[in-house]
Structure formats: structure tokens, C-alpha cells
Amino acid sequence: KNIVNNDKVIDHSVELSDDDNENNEDDEPALPKDLEHIPFVYKKPDVETIKIRAREFYQISNSRRTIRYFRPDPIPKSIIQDIIRAAGTAPSGGHTEPWTFVAVSNKKLKAQIRSIIEREEEINYKKRMGNKWTTDLMPLKTNWIKEYLTVAPYLILVFKQTCGTLPDGRKKIHYYHEMSVSIASGILIAAIQYAGLVTLTSTPLNCGPALRVLLGRPSSEKLCLLFPVGYPAVDATVPDLQRKPLSDILIELD
Ligand code: IYR
């Protein structure tokens, strides 16, 4: 909800502290003051090509499934780097790029990550999530044992930077960091899918601080999501889910 107060709109979803709104006597922007605006280079495809490409992207997206069973086969580091390059093209509040992607292939670290997550997830499933939540998840056959965390060749942990530091040491405000990192994660998922690999969108409840410390990230960063990346196991299964039809998700006002 937006609260109008002393002529300032305070949008609580952007998580600005009172300090961020008050201590702005120095009106030096975070980006260069004299930032140039240059012509945008765009080659317009014909509409038939656009139609084909929109359909192709939908088909690629529609073949994506959340995969919980992986093959241990390694994947080249350059693929992970390009996937993260793609995620890093996401739009962000004030072009603050408030994300850190930690790509883990080290076996010992993956085992430590798994141990932290399984310890917390056992408590989540048995206590914190409660009856309604665990009952709703039953058809998906998930539990606190997460073999994929040690089997998948890569784990990508996505941290949001709640704030940053400017070259002169001042605090850099990261506007809309939550949304920016969510969008980047969507692009990450799409890039993994487009490349021909699989992943699982995992939200390790209550594991953020322990994983952050394990991976040596500062306390200004918060863990948002964890993506195991690799090939699906030959015998991988997925729940037979259906997606909503377009008529259920689109309202057309012509
Ligand atoms: N994070 C837990 C539980 C879980 C929650 C939801 I919502 C899911 O769609 C799937 C799982 C886990 O990873 O098992």
C-alpha cells in the first residue's frame, strides 16, 4: 500500500528505510549525472517473423517442467556463465542490477548446502509449514530429502542485494530489488530452458542466513531462490499437471 506522508509517497513494497528518504541532502545521482542518451538500434522484423518467433518461444516455454531428478553429468562452465549473463540482462529499479548469482559445482560445498537445506526442510515439513500446506503439496510428492542438491552438476543461488555501496562509499539504494531479482530469475529459468537444460525453482525456507554465511556473502544480501541446473535423469518423472488455458489468464480489452 502506498502512504502519502509529508508530500512523499512511501511505497512499502520497495522497502525504503526512513533514512533513505530523509538523508538525501547530497543530490548526486547513483548513475553519472551527465549520462548520455544514445540512439536505440532496432531492425524491425516483418510481422510474420514476429508471429513465428512468438509461437516458437511459447512452445519452448511450454515444454519446461520443474525437474527433481537429475543426471550427474557435468556441464561446461561457459554455459552457466552465458545463462547468468542472460539473467543479468533483466531490467532493474534505477538500473541498480541488485543481484548476485552464486554458481556452485564444488562437490563438498554442494553437500554442505544439501545438509543445511535438508535439516531446515525437515523442520519445515514437520512443523513450520503446517497441515494445510503439506497436504496441498502431497500430489507433487515433495519432501525434505533433496538428492538433486548433490546430484545436479551446478547449483545457482540467487541473492538480492538489499542495498549496495557507491564508489565514494555512500549507500546505494536498490529500488525494487525484490521485483528486479524475481524478473532476473524468470529470465534465468527461460535461459536454462532455451539452452536445453532443466532446473527446479527452489525456495529454501529458513536457510537464507546459513547459506549466505557458507557462501561468504555479506549480510546486505538475502537468498531468494536456488536453482539446481543440469540434465534430467533418464527415468525422471513429472506430475501430470495441466496449465490454465489462455482464456483463464488473459482478459482482452480491445
Ligand atoms: N520448499 C519446499 C516446499 C515446497 C513448497 C512449495 I509452495 C512447492 O511448490 C514445492 C515445495 C521444498 O522445496 O520441498
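**Close-up views of a predicted model**

View 1. Tyr176 sits in the loop between strand S7 (171-173) and H7; helices (H or I, at least four residues) and strands (E, at least two) are DSSP runs, numbered from the N terminus. This is a predicted model: local features need pLDDT of at least 70, side-chain atom pairs count only at pLDDT 80 or more, and totals for chains, interfaces and linings use all residues. Residues are numbered from 1 along each chain as its sequence is written, and side-chain values use heavy atoms, without hydrogens and water. Tyr176 counts as partly exposed because its relative accessibility is 38% (buried is under 20% relative accessible area, exposed over 50%, partly exposed in between; 1.4 Å probe, protein chains only).

**View 2. The largest nonpolar core.** This core has 21 residues (buried Ala, Val, Leu, Ile, Met, Phe, Trp, Tyr and Cys joined through side-chain atoms within 4.5 Å). Those with the most contacts inside it include Ile80, Phe101 and Leu188. H7 gives the largest share, six residues.

**View 3. The stacked pair Phe40 and Tyr42.** The ring centres lie 6.1 Å apart and the planes meet at 20°, so Phe40 and Tyr42 are stacked (centres within 6.5 Å; planes under 30 degrees apart are stacked, over 60 edge-to-face, the rest tilted). Phe40 is exposed at 72% relative accessible area. Tyr42 is exposed at 55%.

Terms used: Phe/Tyr/Trp six-rings, centres within 6.5 Å; stacked < 30°, edge-to-face > 60°.
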